[in-house]
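Open the model in your viewer and keep the selection panel at hand. The stops below are meant to be taken in order.

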There are 2 protein chains.
Amino acid sequence: MSRTVDRALSILPLLAEGPADLGRVADRLGVHKSTALRLLRTLHEHGLVYRQSDQRYRLGARLFALAQEAMESLDVREIAHPHLVRLNETCGHTVHLAVHEDGEVLYIDKVDGRYPVRMYSRIGRPVAITVAAVAKLLLADLPEAERRAVAERLDYPMYTARSTPNAAAFLKELATVREQGWATDLGGHEESINCVAAPVRGADGRVVAAMSVSAPNVVVTADELLTLLPLVRRTADAISGEYSGRTPAKGTAE
Amino acid sequence: MSRTVDRALSILPLLAEGPADLGRVADRLGVHKSTALRLLRTLHEHGLVYRQSDQRYRLGARLFALAQEAMESLDVREIAHPHLVRLNETCGHTVHLAVHEDGEVLYIDKVDGRYPVRMYSRIGRPVAITVAAVAKLLLADLPEAERRAVAERLDYPMYTARSTPNAAAFLKELATVREQGWATDLGGHEESINCVAAPVRGADGRVVAAMSVSAPNVVVTADELLTLLPLVRRTADAISGEYSGRTPAKGTAE
DNA sequence: CAGGTGTGTTGCGTTCCTTGCAATGGTCAT
DNA sequence: ATGACCATTGCAAGGAACGCAACACACCTG
């Protein structure tokens with residue numbers, strides 16, 4: 001909507017790929033160097049980009065601080081965290097918490113399990129939206145029309161043979177998930193990794209977040225992992241209760 | 001330098017304080033609502049702000065992803081992490097890693113200790129720059145003129161009775177730190193917490209990062225903590241060696 | 001139900017800011 | 001020294017962002 005701002009902001013993802021010098025930024029933006037320079041300077045003044053000693057530009061410090069503050073204002077995360085830790089201590093597996101935002105699903109918390117899980121998941125990173133159990137839960141809760149719109153818009157990469165192949169299959173899966181109130185990902189992202197997930201709901205019953213437990217095949221089979229479902233659901237419900245103000249949170253004085 | 005971009009970027013810290021509606025944003029920026037709307041829309045398109053269900057604006061998802069990627073491109077962090085973990089396992093205390101950027105010092109990694117340390121430190125958060133041991137090391141390495149300039153510009157909040165009171169005292173402390181090649185914070189931030197820190201240096205000898213070990217008085221006295229200094233320095237040196245490419249990093253296959 | 005107040009949103013003319021060019025200044029090789 | 005390459009500056013012209021005012025909409029309130 002605003003060309004100048006639009007260009008300036010386009011610099012950020014560009015720099016996220018790695019440091020770049022002025023010429024490179026100008027080229028990638030398709031603008032004159034002097035233009036790029038002024039944009040970079042403005043970004044620099046706000047601390048969003050940093051000029052390293054070799055004069056190239058990098059993403060800057062303020063970005064961390066902003067992300068940090070944004071993260072903290074997500075109160076689901078604060079509330080859920082101790083529950084995730086407890087669940088992790090009980091079952092030993094990796095636990096994730098994710099939210100939906102503007103057609104993206106992203107992890108906002110993670111507690112690593114005992115067993116190394118080769119998962120490409122990091123806090124703040126977008127989720128493999130077509131296959132992840134948490135994504136299914138979050139999207140399944142959208143109103144019919146929006147769900148359909150999102151499903152049509154997505155790509156369906158075949159990470160494995162069991163990945164969701166297309167929009168139709170995805171919508172069908174979402175219907176199931178919506179029905180049963182929980183979701184799984186059985187080797188749909190990484191061949192050897194299974195997940196089971198449950199929704200966190202707000203006071204109005206809408207799904208505000210989703211949590212999952214992930215474990216590699218070599219440690220527990222999919223069937224064994226499914227036996228954890230009741231525990232996962234109970235944990236999610238506990239978070240829901242606390243989040244919607246029904247349960248008064250015990251001993252979480254921070 | 002670019003008014004439009006400048007205004008747009010000013011919205012981000014504003015929203016970091018918490019969600020705000022259009023009117024509020026316009027007021028705080030000192031612009032007309034229609035202007036604020038266009039800026040917010042542009043930010044929204046780039047995913048930097050998110051419009052929540054009550055129509056108010058919040059910081060958005062892309063911010064996390066960007067911060068995440070920025071973090072990953074900091075290769076000191078990658079290299080240092082296993083060393084921090086090892087150090088933490090050895091001594092059991094909380095370990096921090098910090099860098100300097102444009103007059104700010106911020107934590108880029110942290111490994112929590114066994115003993116709960118009531119420290120207001122988070123990854124991505126600015127450090128209490130006038131008292132933190134890591135900050136002293138990073139600033140002590142600046143050229144004389146710049147060091148002086150930064151010192152004059154700072155505020156000197158008295159967190160405790162032992163906080164650095166003013167620029168003169170700070171510069172004196174920096175001189176000492178520069179001389180001895182390590183730094184401490186003995187109750188200068190939190191009455192009951194002591195830290196000891198050592199610098200990580202690049203191939204050219206300049207300080208690129210600093211790491212510290214922090215522990216509460218009730219667990220170890222300041223004197224006891226100081227006995228860890230050789231270990232901390234050795235760890236920092238190991239990171240330095242690996243970072244500057246002298247030591248080939250052992251068994252860190254990702 | 002009419003009328004008011006608080007929103008967010010749109011169209012448009014004017015102005016000022018952004019743009020790209022060309023020229024300058026620096027730095028590093030050869 | 002010389003040339004290549006990069007960042008940086010001043011400037012004139014064109015376009016885009018600005019603020020205004022009017023509209024749309026929801027929510028109270030009498």
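The tour goes from the domains to the DNA, then to the contact between the chains, and ends at one residue.

Before selecting anything, note that this is a predicted model, in which local features need pLDDT of at least 70, side-chain atom pairs count only at pLDDT 80 or more, and totals for chains, interfaces and linings use all residues. Residues are numbered from 1 along each chain as its sequence is written, chains are lettered from A and ligands numbered from 1 in the order in which they are written, and side-chain values use heavy atoms, with hydrogens and water left out.

**Stop 1: chain A**

Colour residues 3–66 of chain A as domain 1 and 74–243 as domain 2; the bounds come from an automatic or database domain assignment. The centres of these two domains, taken over C-alpha atoms, are 35 Å apart.

**Stop 2: DNA strand D**

By class, 5 are nonpolar, 9 polar and 8 charged (Asp, Glu, Lys and Arg count as charged; Ala, Val, Leu, Ile, Met, Phe, Trp, Tyr, Cys and Pro as nonpolar; the others, Gly among them, as polar).

Now show the helices (DSSP runs of H or I, at least four residues, numbered from the N terminus). Helix 3 of chain A gives the most to this surface, with 4 residues.

Which part of the strand faces the protein? Of its atoms within 4 Å of the protein, 75% belong to sugar or phosphate and the rest to bases.

- B:Thr35, from a side-chain N or O atom: 2.4 Å
- A:Arg41, from a side-chain N or O atom: 2.5 Å
- A:Gly23, from a backbone N or O atom: 3.3 Å

**Stop 3: chain A against chain B**

Select the residues in contact (heavy atoms within 4.5 Å): 49 from chain A and 48 from chain B. The buried area is about 4,600 Å², with 62% from carbon and sulfur atoms; buried area is the accessible area (1.4 Å probe) that two parts lose on being put together, summed over both.

**Stop 4: B:Glu101**

B:Glu101 lies in strand 3 (residues 94–101) of chain B. Is B:Glu101 buried or exposed? B:Glu101 is buried, at 6% relative accessible area (buried means under 20%, with a 1.4 Å probe and protein chains only). A polar atom of the B:Glu101 side chain lies 2.6 Å from the backbone nitrogen of A:Ala61.

Methods: A residue is near a molecule or strand if one of its heavy atoms lies within 4 Å of it. A polar contact is a pair of N or O atoms within 3.5 Å; within protein, one must be able to donate a hydrogen and the other to accept it, and residues adjacent in sequence count only if both atoms are side-chain atoms. Helices (H or I, at least four residues) and strands (E, at least two) are DSSP runs, numbered from the N terminus. Buried means under 20% relative accessible area, exposed over 50%, partly exposed in between (1.4 Å probe, protein chains only).
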